[in-house]
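We'll take a walk through it, one neighbourhood at a time.

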Amino acid sequence: MGISAQSIDENSLKRMLIEQWTGDDGLVSNNLTFVAQSSDGFIWLTSFNGAHRFDGKQFTLFDKSNVPVLTSNAFYGVVEMDGKLWFGSQSSGLISYDGKHFSKRLDFPSISVRTMFVARSGSLWIGTNNSGVYVLENDTIKAIGNRLLDHEIINDIDEDADGNIMFATGSNGLLKYSKGEVHKYQLDKLNNDVRTLSFNSDTLSIGASNGLYFLVADQLFEASGLSKFQINDILYEKPGSYLLATEQGLVRYFVKSGKVDVWDESSGLPANQLSKITYDHEGSLWVSTKKAGLLRLYNGTIKTLSDIDGLPYPKINIVKEYKGSFYIGADDGAISILTNDKITDLKLSPHKNKVGIRDMVFDKDGSIWVASYEGLLRYKNGKESIFNTANGLTSNNVRRILPDDDGNLWIGTRTGGLMKWSGDSVREVFNTTNKLKSDYILSIEMDRNKNIVVGTHSGGINLIKNDSVYNYSLDSMPGILYFNNYIDKENNYWFATNVGILCFHDGKFKKIKLHSDFKAETYFDIVADDYDNLWMTTNIGIVRVGYTDMRDFVEGKSKFVEASIFDESDGMLQRECTGATKSLKTSNGSVWVPTLNGVAMINPSSIIKNEHIPNVVISKFKVDGTSFIDDNVIIEPGAHRFSFNYSVLSFIAPEKIQYKYKLEGIDKEWITTFGNELEYTNLGPGQYVFNVTGTNNDGIWSDHVATVKFTVEPYFYETIFFYILLLICLVVFTWYFIKIRTSRIQKSNAELIKVNKELDRFVYSASHDLRAPLASVLGLVAIGKIENSLDSKNKCFDMIDESINKLDVFITEIIDFSKNQRLEISNSTFDIKEFIDEILTELKYLDRSGKINIQVNCDIEKVHTDKHRLSVILHNLIANAINYNDNKNGYLKINVQEEKSKIRISVEDNGRGIAPEHLGRIFEMFYRAEHDKSGSGLGLYIVKETIEKLKGYINVESKLDVGTTFTVYLPIIRTGDS
């Protein structure tokens with residue numbers, strides 16, 4: 001932003017401030033054809049390379065890349081009608097925009113539309129380049145066919161008081177359309193190249209290539225002094241005053257006086273060739289140029305006096321007022337005198353040596369006392385006197401001078417403490433060797449009780465009463481720089497320091513808490529105006545607070561003090577005020593502040609609060625980089641980044657605008673920010689509403705809340721249907737789980753019942769089978785005792801032996817059953833043929849073993865299984881096959897084979913066989929067939945249980961008196977398998 005202040009004349013155009021945007025700031029072209037503000041607050045620009053919408057911070061370009069109906073990017077202008085914007089294009093015809101979408105009037109030819117005008121009747125008049133004039137009325141377009149218009153360049157259109165339509169043409173002068181007829185004005189001096197028209201009250205202002213004219217009651221009047229200006233646009237400011245956009249700069253013309261105020265490139269305007277001018281809702285003047293982009297001109301609340309006004313050096317340290325003149329001390333030693341808008345130079349020794357002026361005091365005898373780092377200088381009647389360490393000063397670095405009511409001067413230095421000066425010599429010294437805690441003096445003031453109040457660097461404040469010194473410091477914050485001090489009517493001390501504003505009263509300090517979003521901790525000075533305000537200088541601008549608000553805070557009536565800041569946007573050439581310097585309240589109530597670029601001059605009475613309530617818009621809504629225009633957007637699942645760009649359409653100081661936003665569904669409270677864009681990530685499925693509002697530059701909140709609604713679609717697994725389905729599956733799974741568990745419990749119960757039954761049966765049968773042999777033994781023993789015959793006794797012993805053998809077999813079976821139930825499987829690898837031979841050897845004691853032909857056939861050599869359990873299985877099967885074979889040609893065939901990943905062992909005999917009615921029960925515990933009353937009934941039961949323990953199974957085939965075959969299938973276990 002460039003700022004100019006080239007004349008001290010308050011009414012000059014040149015005192016307006018300039019903000020400029022070019023291609024470097026986002027414009028597609030610096031050659032602009034039109035500028036206007038729409039009713040919703042946007043600034044619209046047209047060019048030959050597209051149209052722009054501007055919200056104060058960023059430009060949005062519309063061209064062929066995002067407006068498909070365009071055949072060219074060139075535009076001439078834009079007007080608003082029926083809630084739409086209508087664009088005049090170079091070759092795309094008539095284009096409308098409803099705020100979201102661009103449309104082309106298909107009933108309008110694709111010709112060059114140069115200008116448009118909305119009449120009071122609501123009709124839209126359309127002027128073209130060499131293709132005639134058209135009117136859009138009641139949604140119907142018709143051509144105004146006339147030889148004076150058909151092949152003419154229509155530069156502008158307006159309407160007079162009687163409803164006649166006036167045309168400014170490029171080569172046919174001024175034309176009037178009335179009652180279906182077109183008439184040409186024959187006007188002396190006005191040439192045929194008429195550029196622009198503006199009707200106000202009874203006057204039609206005419207801008208031509210040869211100046212400005214006024215048509216009143218068909219009488220033509222020429223504006224004097226403007227014949228060399230080509231007028232491109234006319235803006236009626238106020239009665240008797242016009243603003244003109246010309247090819248030679250910006251012109252203000254005063255009709256009554258004929259005064260012409262010209263602002264052009266030579267006096268600081270960025271461009272001479274101006275195409276269009278318009279005021280916005282807040283009073284800023286917008287100017288489209290042909291070479292320098294877009295300008296915003298406005299009157300700042302702060303005027304700045306600088307080198308461009310005649311100051312010899314821009315960095316100012318001190319300003320003093322004396323007898324109607326202002327003395328301005330600069331950092332290069334210059335003292336300038338401003339009298340009646342004229343600047344002169346006071347030549348002093350510090351000026352020659354480029355030593356900065358620190359302070360000035362005007363004595364009653366006409367002397368000017370000047371403080372600099374060369375000492376103390378007195379200027380009187382054109383003569384200088386220098387006082388320094390050579391003639392009595394404690395230091396040459398003089399910073400402050402304060403005259404008291406007794407004619408003394410109090411002189412503060414940078415390294416030599418404080419001196420009391422009278423006449424031409426030092427009367428008393430206050431420094432660290434006697435009464436002060438710092439020799440670095442920053443400020444000196446006299447309070448209502450005529451006490452001298454001294455602020456130091458890192459030594460607190462000092463109160464001098466009757467030459468006695470009282471020191472006060474803020475122990476919690478050491479190293480404070482007390483730059484300057486304002487003493488109010490109630491004798492309260494207000495200090496501007498490097499840690500903020502401190503109030504000192506009754507020996508106590510209190511730090512002021514400002515309610516502001518600007519970051520300023522270092523304050524240089526405090527000045528009170530006549531309107532209950534305090535003006536405080538800082539490194540980032542000038543802060544204004546209410547004095548009453550400050551007192552309320554000190555007294556505990558409020559938690560903070562409201563504050564406003566003024567900077568470049570308000571007219572300062574440089575926001576940074578000169579550090580550690582004093583400001584001035586002038587005799588007319590203005591406040592003058594030294595800055596690093598001139599003197600900032602504030603007239604508190606002229607500061608007008610911006611009361612315009614701005615519109616708020618959401619300019620962009622993007623999801624993962626894709627922009628959405630319409631509301632109620634449906635977002636596909638899986639989106640990550642949701643970004644919003646929004647604006648308050650207030651252009652005075654966009655950097656001072658505050659925003660409040662809230663995303664319904666996420667944010668519970670409104671969130672305040674200065675940023676105009678933000679981003680949310682990974683929003684869950686649901687409906688959302690983004691709300692935003694904001695303030696203008698003076699903190700007035702808009703009554704409008706901009707919103708955008710959108711819905712994030714869920715993945716299938718996030719839908720209610722999915723959760724219902726999941727619930728159903730959970731119910732089904734639970735039901736199935738319960739069913740399985742129930743089935744297992746039932747199975748376990750059945751097994752328990754079976755075990756219990758078998759246990760009952762086992763106990764019963766076992767007790768019977770155990771007692772029977774014992775009973776026999778006991779009986780035979782009794783018989784043997786009474787028998788005298790040795791044969792009879794031997795016979796008894798044989799029978800006892802048989803009973804004991806039966807008992808031993810039965811107990812062995814019980815042991816095998818118990819081991820099978822208790823012991824884990826223990827696999828080993830062994831030779832199956834040798835194993836079977838060992839079993840046969842063990843069974844030789846059986847009566848029939850020697851009478852039966854036994855055949856063993858093993859197709860496999862090694863097996864890997866539980867050797868003990870296999871022994872139990874084969875012992876029982878082979879023993880049964882031998883015991884129950886009465887056939888004279890009895891045989892026993894044992895075959896071992898590998899069959900379908902299993903070991904197949906068959907034991908075949910041609911013995912008694914098993915009757916069909918018994919075949920299905922032979923594996924039951926303690927079951928005995930009728931022909932086998934001698935066995936225990938446990939053998940085959942143990943065989944089956946043992947085979948099942950080995951994860952195998954057994955089959956039996958038998959025919960009574962033919963024979964029986966038992967076939968055992970066991971899983972093959974390879975060495976190393978578990």
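First, some ground rules. This is a predicted model, so local features need pLDDT of at least 70 and side-chain atom pairs count only at pLDDT 80 or more, while totals for chains, interfaces and linings use all residues. Residues are numbered from 1 along each chain as its sequence is written, and side-chain values use heavy atoms, with hydrogens and water left out.

Let's start with charges. Side chains of opposite charge can pair when their charged atoms come close. Here a salt bridge means a side-chain nitrogen of Lys or Arg within 4 Å of a carboxyl oxygen of Asp or Glu. How many salt bridges does that rule give? The count comes to 33.

One of them joins the side chains of Glu247 and Lys290, at 2.5 Å from N to O. Glu247 sits in the loop between strand S23 (241–246) and strand S24 (249–254), and Lys290 in the loop between strand S27 (285–289) and strand S28 (294–298), so the pair ties together parts that are 43 residues apart in sequence. Those element names come from DSSP runs, numbered from the N terminus: helices are H or I runs of at least four residues, and strands are E runs of at least two. Are these two partners buried or partly exposed? Glu247 counts as buried because its relative accessibility is 15%, and Lys290 counts as partly exposed at 26%. The cut-offs are under 20% relative accessible area for buried, over 50% for exposed, and partly exposed in between, with a 1.4 Å probe and protein chains only.

Next, look at Lys656 and Asp567, a salt bridge whose closest N and O atoms are 3.9 Å apart. Lys656 is in the loop between strand S61 (641–648) and strand S62 (659–664), and Asp567 is in the loop between strand S54 (561–566) and strand S55 (584–585), so this pair ties together parts 89 residues apart in sequence. Lys656 is buried, with a relative accessible area of 16%, and Asp567 is buried as well, with 6%.

Asp886 and Arg912 make another salt bridge, with their closest N and O atoms 2.9 Å apart. This pair links distant parts of the chain, 26 residues apart: Asp886 is in the loop between helix H6 (867–883) and strand S70 (891–899), and Arg912 is in the loop between strand S71 (902–909) and helix H7 (916–919). Asp886 is partly exposed at 47%, and Arg912 is partly exposed at 26%. Salt bridges can also join up into a network, as with Glu490, Arg551, Glu555 and Lys557.

Now for the rings. Rings of Phe, Tyr and Trp (its six-membered ring) pair if their centres lie within 6.5 Å; planes under 30 degrees apart count as stacked, over 60 as edge-to-face and the rest as tilted. That gives 57 aromatic pairs. Take Trp535 and Phe566: their ring centres are 5.4 Å apart and their planes are at 45°, so the pair is tilted. Trp535 in strand S52 (residues 533–538) and Phe566 in strand S54 are 31 residues apart, and the pair links distant parts of the chain. Both residues are buried. Elsewhere, ring pairs build a cluster whose members include Phe621, Phe642, Tyr661, Tyr688 and Phe710.

Charges meet rings, too. The charged end of Lys510 sits over the ring of Phe553, 5.0 Å from its centre. The rule here is NZ of Lys or CZ of Arg within 6 Å of the ring centre and within 35 degrees of the ring normal.

Ile942 and Asn876 are 66 residues apart in sequence and 8.7 Å apart in space, C-alpha to C-alpha. After H8 comes Lys951, whose phi is positive, near 65°.

Ile728 counts as partly exposed, at 46% relative accessibility.
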